[in-house]
Each structure stands twice: as C-alpha cells, then as structure tokens.
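Here's a quick tour of charged side chains that pair up. Have the structure open while you read.

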Amino acid sequence: MPRISKKGVIRDRFEEKGFVRVENVFQESELDQLIAEIDDILEKFGKSDKSREETLKRLARESGVKEKGRYAEMTKLHEITGLLRHLVPLHALETKIQNVCDVIYPEYDLCFTALTDILIGFPEDDRFHAWHQEFSSMGEVEILNFWYPVLQDATPKNGAMKILEGSHRNGLHPWERESHHPEYGHPVDNRIPKNIDDLIDEHPLVRGDVKRGDVIVFHSNLVHKSGPIANNSPRMTGIMKMGPVRDDLPSELSEILETRPQRD
Ligand SMILES: O=C(O)CCC(=O)C(=O)O
C-alpha cells in the first residue's frame with residue numbers, strides 16, 4: 001500500500017498547483033516485474049538485438065509505411081504498445097493508484113480506470129508530446145491523470161515531464177493541432193494551446209525529480225509536455241487515467257473507455 005500521509009495536504013496541493021507528486025506508491029519489485037514481462041515481449045520480437053534500445057528502434061522502423069521519409073503508419077512498435085497495455089503486472093499497479101485517487105476524490109465511493117498505457121519515448125524525439133492539456137483529448141475534466149517512470153528515475157534532464165504550475169485554473173484553452181511524425185515512435189497529433197507563449201510567461205515551469213515508485217497526479221487542465229531524454233536509452237512512462245464513478249457520466253465516456261492509444 002502506498003504510504004499516503006497528510007491526505008488533506010495532497011488534495012490541497014493538487015488543487016492549488018494542478019499536480020502533486022506522491023512518493024513510494026509502487027515498490028521497486030513491482031516495477032521490476034513489469035519490466036521483466038516487457039522484456040519477455042521484446043525478446044519475442046527481437047532476440048538478436050543487443051539492447052532494449054536497439055530492439056525498440058528496429059521495431060519502430062519495421063513494417064511502418066513511409067511517407068515523406070517518415071514512418072506514418074503502423075509499425076511493430078504499435079503492436080508492442082498494444083501488448084504492453086494488457087500485461088498483468090501493469091494492471092496490478094492499478095490498486096495502488098486507486099488509493100491515490102481516493103485521496104484526491106474522497107467524496108466519491110469508487111474510482112474507475114479509464115485507461116492504462118506505457119508510452120515509449122526516444123532520445124532523438126525532442127517533440128514527443130508538445131505542450132497540451134489532457135482535457136483537449138479526454139473530454140472529461142474529472143479524470144485524474146497519473147504519470148510514473150518505469151525504467152529509471154526521471155530527472156529534469158532525463159525524462160521528467162515539464163509542467164506549467166497552476167495552469168489548470170483557467171479551464172481548457174483553444175488549441176491548434178500539430179501533427180508530429182517522429183523518426184522513431186508513433187505519429188502524434190499534439191493539441192497545443194494557442195496562447196502557449198502567454199501561459200509560459202504566466203506560470204512557473206516545473207521539472208521535478210520523480211523516483212521510480214513515485215507517481216505524479218495531474219489535473220486534466222494542467223498544461224504540460226514531455227521533457228528531454230539525456231542518455232541513450234528510450235524512456236518508458238506509465239500512464240493511467242482514473243475517474244470517480246458518478247451518476248452523470250458524460251456522453252464521451254464510451255470513447256474514453258475504448259482500449260486504444262491515448263492520442264489520436
Ligand atoms: O511521458 C511523457 O513524456 C509525456 C506524457 C504526457 O504528456 C501525457 O501523458 O499527457
């Protein structure tokens with residue numbers, strides 16, 4: 001069980017800043033078990049590769065349809081991501097996250113999982129996820145977003161998300177779509193707030209240290225983006241989205257519940 005002390009502090013901090021880091025939600029052994037199963041899957045796709053990074057890069061190239069020199073369509077990496085989503089050790093982490101959800105939403109009896117995923121980021125891709133708000137793609141503001149490093153601690157120079165503190169307070173900003181076709185990884189449609197330059201001026205930029213086992217919980221309106229990766233290894237980030245069960249579930253929910261990558 002995560003040792004969540006000072007529940008009121010966590011909730012207050014979440015409301016004020018739009019995010020909060022909760023420490024020691026997972027044990028190292030739980031993440032190690034997840035990694036072991038991830039590696040088992042990778043091995044099935046590429047026994048001959050020397051490292052996890054080489055395997056992932058090769059899979060990111062394989063079977064992809066190339067458009068304008070970039071992989072625009074399904075690659076083996078898509079397939080892998082689909083398999084990772086169903087790993088038992090990944091779903092075992094949900095119970096722990098559930099406890100955090102209960103702390104943020106004590107007024108509700110139950111939190112449900114809307115999505116669980118592993119995002120794979122590559123050092124070459126410095127525009128992985130540009131500035132955005134989850135609400136722009138999820139359509140439901142009470143969904144809580146959980147982010148945690150899987151392979152190694154996330155630091156400001158290596159993998160930690162960039163966050164504009166307090167940027168959740170003004171609701172959803174009008175956004176424009178930016179289609180991003182990375183050299184490796186998946187094509188992503190980023191929904192960037194049109195007033196992003198003002199938001200950057202108005203809010204402190206936070207790039208925290210997030211140790212393996214810690215989880216960042218963030219508000220669906222918080223403006224955030226991927227941070228850089230300083231070393232050579234691809235980053236694996238766990239993503240979970242959880243919301244309280246309410247009587248007035250929004251019509252978009254059926255879409256949210258579909259098992260699909262979180263980005264279109
Ligand atoms: O893991 C990352 O780099 C960014 C994740 C993100 O922006 C998101 O989950 O919305």
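Is Glu53 buried or exposed, going by its relative accessibility? Glu53 comes out as buried, at 18% relative accessibility. Keep in mind that this is a predicted model.

Glu53 has a partner: its side chain forms a salt bridge with that of Lys57, 3.3 Å from N to O. Both sit in helix H3 (residues 52–61), and because they are four residues apart there, about one helical turn separates them. Lys57 is buried too, with a relative accessible area of 15%.

Another one brings together the side chains of Arg212 and Glu28, at 2.9 Å from N to O. Here the partners come from distant parts of the chain, 184 residues apart: Arg212 belongs to the loop between strand S9 (205–206) and strand S10 (215–218), while Glu28 is in helix H2 (residues 28–46).

Then there's Arg177 with Asp189, whose side chains meet in a salt bridge at 2.9 Å, N to O. This pair also links distant parts of the chain, with Arg177 in strand S7 (residues 175–180) and Asp189 in strand S8 (residues 188–193), 12 residues apart.

| Residue | Relative accessible area | Class |
|---|---|---|
| Arg212 | 12% | buried |
| Glu28 | 45% | partly exposed |
| Arg177 | 44% | partly exposed |
| Asp189 | 18% | buried |

Key: Residues numbered from 1 in each chain as written. Predicted model: local features only at pLDDT ≥ 70, side-chain atom pairs only at ≥ 80, totals over all residues. Heavy atoms only, no water. Salt bridge = Lys/Arg side-chain N within 4 Å of Asp/Glu carboxyl O. Helix = DSSP H or I, 4+ residues; strand = E, 2+ residues; numbered from the N terminus. Buried < 20%, exposed > 50% of the residue type's maximum accessible area, 1.4 Å probe, protein only.
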